[in-house]
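Biologist: Please take me slowly through the charged side-chain pairs of this model, one by one, and then through whatever else in the fold deserves a careful look.

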Amino acid sequence: MEVIEIGATQLIFLLDQKEMVKYNINSTEGSPRMKEGFQRLICDHGVSHDFLSHVLVQIFDSKSGGCEMFVTKLPCRQDLNGNAEEQVNKFVYIFPDVDCLTSACKMLYDIPLRGGSAYYDKAGGKYYLVLNGDIPYISEFRAKRCNDPAEEYLCEYCKMISDKAVERLSSLA
């Protein structure tokens, strides 16, 4: 097995068929046994325990019969004492341009609301704002709420603009 580290938040495991069987890794279905196998894999190979929770795992079959397993550590919210907080409902809004996004952040800052994460999707030319609450009047800034918000997708495929979007982007409006 080979483990390739791509920065502090991404790993690639190259497994052969025997290792897939040993760790119950199956590219077509997820199961509790596969989760346990993944945890054993992490522990057996000296990988940081940060990769034991809050990760996105993608598995692709390789030509040799094994697989390539991409593991991305997702950001975890923390409280003021550094303890992980429970997940709250996330609402993802899409904006057609940066001016609409910064104007919305200015309005949110004046409420006052803080936090949020902003992303840019270069392929689609769209901007995203992830908030911990539903803001119905954000549509005044040409924003649309995503019906299927996938913050993991944004973390993986879009460029993060700011992790404290409301505070930082409000000053640009």
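Modeller: A salt bridge, as the word is used here, is a side-chain nitrogen of Lys or Arg within 4 Å of a carboxyl oxygen of Asp or Glu. Before using that term, please keep in mind that this is a predicted model, in which local features need pLDDT of at least 70 and side-chain atom pairs count only at pLDDT 80 or more, while totals for chains, interfaces and linings use all residues. Residues are numbered from 1 along each chain as its sequence is written, and side-chain values use heavy atoms, with hydrogens and water left out.

The general idea is that side chains of opposite charge can pair when their charged atoms come close. A search of the whole structure finds four salt bridges, and one of them is formed by Arg168 with Asp163, whose closest N and O atoms are 2.7 Å apart. To describe how open such residues are, I use relative accessible area, where buried means under 20%, exposed means over 50%, and partly exposed covers what lies in between (1.4 Å probe, protein chains only). On that scale Arg168 is partly exposed at 45%, and Asp163 is partly exposed at 42%.

Arg142 is exposed, with a relative accessible area of 52%, whereas Asp97, at 26%, counts as partly exposed.

A further salt bridge joins Arg145 to Asp134, with 3.2 Å between the closest N and O atoms. Arg145 lies in strand 8 and Asp134 in the loop between strand 7 and strand 8, so this pair ties together parts that are 11 residues apart in sequence. Arg145 is partly exposed at 45%, and Asp134 is partly exposed at 40%.

Most residues other than glycine have a negative phi, and most peptide bonds are trans. As for peptide bonds, the one from Ile111 to Pro112 is cis, with omega near 10°, and Pro112 sits in the loop between helix 3 (98-110) and strand 6 (117-121).

Next come the aromatic rings. Rings of Phe, Tyr and Trp (its six-membered ring) pair if their centres lie within 6.5 Å, and the planes are called stacked when under 30 degrees apart, edge-to-face when over 60, and tilted for the rest. The structure holds two such aromatic pairs. Phe60 and Phe70 form an edge-to-face pair, 5.8 Å centre to centre with 75° between the planes. This pair links distant parts of the chain, as Phe60 belongs to strand 3 (residues 55-61) and Phe70 to strand 4 (residues 67-73), 10 residues apart. Phe60 is partly exposed at 43%, and Phe70 is partly exposed at 26%. The rings of Tyr120 and Tyr127 have centres 4.6 Å apart and planes at 40°, so that pair is tilted. Here Tyr120 is partly exposed at 26%, whereas Tyr127, at 17%, is buried.

A charge can also sit over a ring, which requires NZ of Lys or CZ of Arg to be within 6 Å of the ring centre and within 35 degrees of the ring normal. Arg114 is placed this way over the face of Tyr109, at 3.7 Å from the ring centre.

Finally, two strands pair if DSSP finds at least two bridges between them. Strand 1 (residues 2-6) and strand 2 (residues 10-15) run antiparallel and are joined by five bridges, and Glu2 has Leu14 in strand 2 as its bridge partner. Three residues separate these strands in a hairpin, and Gly7 in the turn has a positive phi of about 75°.

Methods
Helices (H or I, at least four residues) and strands (E, at least two) are DSSP runs, numbered from the N terminus.
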